[in-house]
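The sequence and the structure are shown first.

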Amino acid sequence: MDTHMKKFWLHIMISRMVIFMIVIRSSSSTIFGATGEEPLDTVVEGAENYLAFHTRSRSHGVGAMEDDAWQMVEKQGNQFVVNGRPFYINGFNTYWLMAFAADESTRGKVTDAFKQASSVGLTVCRTWAFNDGQWRALQKSPSVYDEEVFKALDFVVSEAKKYKIRLILSLSNNWDAYGGKAQYVKWGKAAGLNLTSDDDFFSNPTLRGYYMAHVKTVLNRINTLTNITYKDDPTIFAWELMNEPRCTSDPSGDKLQSWILEMAVYVKSIDPKHLVEIGLEGFYGPSTPNKVQFNPNTHAQQVGTDFIRNHQVLGVDFASVHIYADSWISQSISDAHLQFTKSWMEVHIEDAEKYLGMPVVFSEFGVSAKDPGYNPSFRDNLLSTVYKTLLNSTKKGGSGGGSLFWQLFPEGTDYMDDGYAIVLSKSSSTSNIISLHSSRLAVFNSFCTWKCRWGCKKKHALETSLCNEDV
């Protein structure tokens with residue numbers, strides 16, 4: 001165990017001792033005959049105050065899994081669980097890991113990314129398991145693969161496990177980058193199909209077949225480094241059907257809904273063990289006209305997606321939402337971006353609880369350094385807003401399952417920066433905010449069980465703490 005890991009677990013153990021002391025002190029007046037009910041928020045707040053004081057400028061290693069076996073993440077109700085304990089996630093995006101791993105000269109950056117992520121307690125990474133017909137393509141043509149690039153993806157999965165980071169693997173792209181649905185349409189046209197739109201990807205039977213063949217190949221892949229089949233590997237947190245699917249040719253949403261219905265069940269037919277999510281941005285559609293007021297703009301309800309309807313599909317385990325106020329509202333930085341972020345999150349958490357009965361992950365959020373008026377303190381405020389909103393849900397045992405910022409870059413990869421890169425070593429304030437949130441979630445994850453969680457308002461705090469300790 002390296003120094004970072006020792007510091008992290010020492011910190012968590014101290015935190016648990018401190019929380020126990022807080023419980024004892026706050027409960028001492030009621031143990032012998034008062035109300036017997038102490039709000040758990042008091043316990044949590046005390047833990048947060050302790051962590052806030054002790055974790056700034058402290059780096060730590062692997063996430064809140066302690067010495068538990070590396071098992072599958074599951075969903076129970078509106079929570080993620082591992083080994084019977086809630087698994088609230090603090091994570092990140094780094095989409096290009098497979099492409100970098102395919103080249104010996106850049107492979108080390110993959111390790112650097114995971115190492116830096118683990119140093120601030122990040123537990124989940126979202127990355128691409130596709131590259132269709134492009135430079136360093138994984139899939140060179142339908143069902144034809146570059147084995148060396150597949151070995152690069154093997155390396156990504158293997159390396160993630162070394163740092164106890166789980167992966168959300170996206171299986172295709174709505175956008176042209178790395179091929180996406182446009183590449184599938186090009187392949188279809190080359191095969192003589194009469195296709196008129198990139199959205200034919202969602203409806204043409206041949207193109208659907210191309211995609212399903214890719215899904216089958218990836219899920220059944222045997223990792224050449226670990227000898228574990230992807231569909232059996234707990235390192236994989238979830239499969240994502242597509243990055244930000246949209247079908248603007250059909251604003252009714254029926255075409256995309258049909259595709260989601262077929263593909264979610266298909267993934268589950270091959271791999272019933274792993275979680276599945278769609279990859280949506282969170283826009284409300286025709287099925288909920290009372291909700292479209294929460295969309296960032298009127299165009300959002302015309303892109304063929306429908307947040308609640310799409311996520312009610314059999315086989316979908318949790319909801320995904322993205323947050324880009326600087327793209328959706330206005331590019332110029334303002335406090336309105338923070339207000340939107342908070343309200344956008346709160347309404348989706350509420351909907352996930354009331355209508356979906358599942359966790360929701362805010363799987364992309366960030367702000368570009370290229371935006372007019374940008375400064376690092378605003379990025380810190382955005383992170384804090386997201387994290388605070390999630391913690392308000394976490395304290396109640398709500399559906400706020402976690403977040404993944406866009407995106408983490410190790411040093412020396414600046415040439416790939418789209419404006420959203422976070423280089424932890426270059427921003428101590430940002431690093432501290434991320435680290436503190438990881439530590440708070442680690443306390444929740446290590447103390448709670450699914451049946452006995454922070455949201456249990458009627459249990460005495462001491463009783464609840466002991467209940468959690470016994471599991």
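## Confidence of the model

The structure is a predicted model. Within the chain, confidence is highest in strand β8 (residues 166-170), at a mean pLDDT of 99, and lowest in helix α14 (residues 461-470), at 34. The mean pLDDT of the chain is 86, and 80% of its residues reach 70 or more.

Residues 1-10 remain under 50 in pLDDT, and the model gives this stretch 19 contacts beyond four places in sequence. Over residues 17-44 the pLDDT is likewise below 50; the model has 44 contacts for this stretch beyond near neighbours in sequence. Where pLDDT is low, the predicted coordinates should not be read in detail.

## A three-stranded sheet

Strands β1, β2 and β3 form an open sheet in the order β1-β2-β3, with antiparallel pairing. The edges are held by β1 (74-76) and β3 (85-86); each has a single partner strand, so one side of each is left without a neighbour in the sheet.

Strand β2 covers residues 79-82 and is joined to β1 by 3 bridges, the two strands running antiparallel. Opposite F80 in β2 stands K75.

Residue E159 belongs to helix α5, which spans residues 147-162. Is E159 buried or exposed? Its relative accessible area is 6%, which falls under the 20% limit, so E159 is classed as buried. Apart from neighbours within four places in sequence, E159 is in contact with T111 and F114.

How values were computed:
Residues numbered from 1 in each chain as written. Predicted model: local features only at pLDDT ≥ 70, side-chain atom pairs only at ≥ 80, totals over all residues. Heavy atoms only, no water. Helix = DSSP H or I, 4+ residues; strand = E, 2+ residues; numbered from the N terminus. Buried < 20%, exposed > 50% of the residue type's maximum accessible area, 1.4 Å probe, protein only. Contact = heavy atoms within 4.5 Å. pLDDT = per-residue confidence, 0-100. Pairing = 2+ DSSP bridges.
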